[in-house]
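Please keep the structure open while reading.

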Amino acid sequence: MTPVIFDLDGTLIDSAPDIHATANAVLAQEGLAPLTLTQIRSFIGNGVVVLMQKVMAAQGLPAEGAQYERMLAEFVERYEAAVNLTTLYPNVAESLAALRAEGRAIGLCTNKPVAPTRSVLAHFGLLDSFAAIVGGDSLPQRKPDPAPLRHVLAALGGGPAVYVGDSEVDAATAQAAALPFALFTEGYRKTPVDDLPHNESFDDFAALPGIVARLS
Ligand SMILES: O=C(O)COP(=O)(O)O
Ligand SMILES: [Mg+2]
């Protein structure tokens with residue numbers, strides 16, 4: 001059976017509220033103004049370093065030097081266990097269970113660092129569902145470089161696979177790795193669905209097993 005590889009933030013989980021709260025706690029500690037959830041959501045997708053660079057830019061501050069380094073380290077430390085405001089999108093657990101019941105291997109390819117990735121999956125009882133996990137700090141390359149996706153695929157045994165994600169970064173990664181791409185439309189993308197390269201799109205995970213069957 002063809003394996004399925006998932007993105008995490010904005011795809012399986014709505015993590016923006018915890019990322020927002022953590023970023024604002026770091027900003028408050030520095031005596032800086034909070035950012036809105038909409039702003040922070042738009043900063044998610046390229047990993048924690050790019051997120052903090054965008055936070056600094058929104059404050060008119062340089063994304064280098066002692067304050068930036070301190071804020072990045074503080075964010076990483078505080079976010080590692082931040083799961084309380086995060087939710088699974090509807091039907092995610094059921095959809096993963098259905099795909100596994102078909103005998104499909106399931107992998108995860110996220111730009112989120114591995115430590116908070118494992119924490120949040122464990123929080124939702126899903127850590128054991130994934131046969132391979134690559135995070136934003138697992139390899140020298142990050143999505144949209146195809147290397148992380150290829151790495152997960154190789155760990156799942158190679159061959160064809162379906163990639164499922166929510167963003168511009170995921171669409172570009174799937175193209176670069178030449179894998180079919182299923183776009184979840186309710187995540188953090190900034191581009192209209194029609195302008196993002198994808199093979200199928202869906203707004204409810206109940207539809208995913210059927211989509212995977214068509215793309216496999
Ligand atoms: O942490 C991020 O910026 C993005 O994470 P994702 O790759 O799971 O969407
Ligand atoms: Mg995402």
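A residue is called buried here if 20 or more other C-beta atoms lie within 10 Å of its own, exposed if 12 or fewer do, and partly exposed in between. The model is a predicted one. Take Asp145, which sits in the loop between β5 (132-134) and α7 (147-155). Asp145 has 15 C-beta neighbours inside 10 Å and therefore counts as partly exposed. Along the chain Asp145 and Arg41 are 104 residues apart, and 22 Å separates their C-alpha atoms.

Applied to the protein as a whole, the burial criterion classes 41% of the 216 residues as buried. The fold contains nine helices and eight strands. The radius of gyration is 17 Å, close to the 17 Å that the globule rule gives for 216 residues, so the protein is as compact as a globular protein of that length.

Helix α4 (residues 66-79) has a contact with helix α1 (residues 16-29), and the axes of the two come within 9 Å. The axes cross at roughly 135°. An angle over 145 degrees would count as roughly antiparallel and one of 65 to 115 as roughly perpendicular; α1 and α4 are therefore oblique to each other. The crossing of α1 past α4 is right-handed. On the α1 side, the residues involved are Ile19, Thr22, Ala23, Ala25, Val26 and Gln29, and they meet Met71, Glu74, Phe75, Arg78 and Tyr79 of α4. By class, this contact of α1 with α4 comprises seven nonpolar, two polar and two charged residues.

Helix α4 also meets helix α3 (residues 48-58), with axes that come within 10 Å and cross at roughly 130°. That angle makes α3 oblique to α4, and α3 passes α4 in a right-handed crossing. Val48, Val49, Met52 and Met56 of α3 make the contact with Tyr68, Met71, Leu72, Phe75 and Val76 of α4. The contact of α3 with α4 has nine nonpolar residues, with no polar and no charged ones.

Which residues of α4 meet α1? Among them are Met71 and Phe75, and both Met71 and Phe75 also belong to the contact of α4 with α3.

How values were computed. Residues numbered from 1 in each chain as written. Chains lettered and ligands numbered in written order. Predicted model: local features only at pLDDT ≥ 70, side-chain atom pairs only at ≥ 80, totals over all residues. Axes fitted to C-alpha atoms, helices over the stretch in contact; angles between N-to-C directions. Helix = DSSP H or I, 4+ residues; strand = E, 2+ residues; numbered from the N terminus. Parallel < 35°, antiparallel > 145°, perpendicular 65-115°, else oblique. Left-handed = near helix turned anticlockwise from the far one by under 90°. Contact = placed C-beta atoms within 7 Å. Nonpolar A, V, L, I, M, F, W, Y, C, P; charged D, E, K, R; others polar. Rg over C-alpha atoms; globule rule 2.2 N^0.38 Å.
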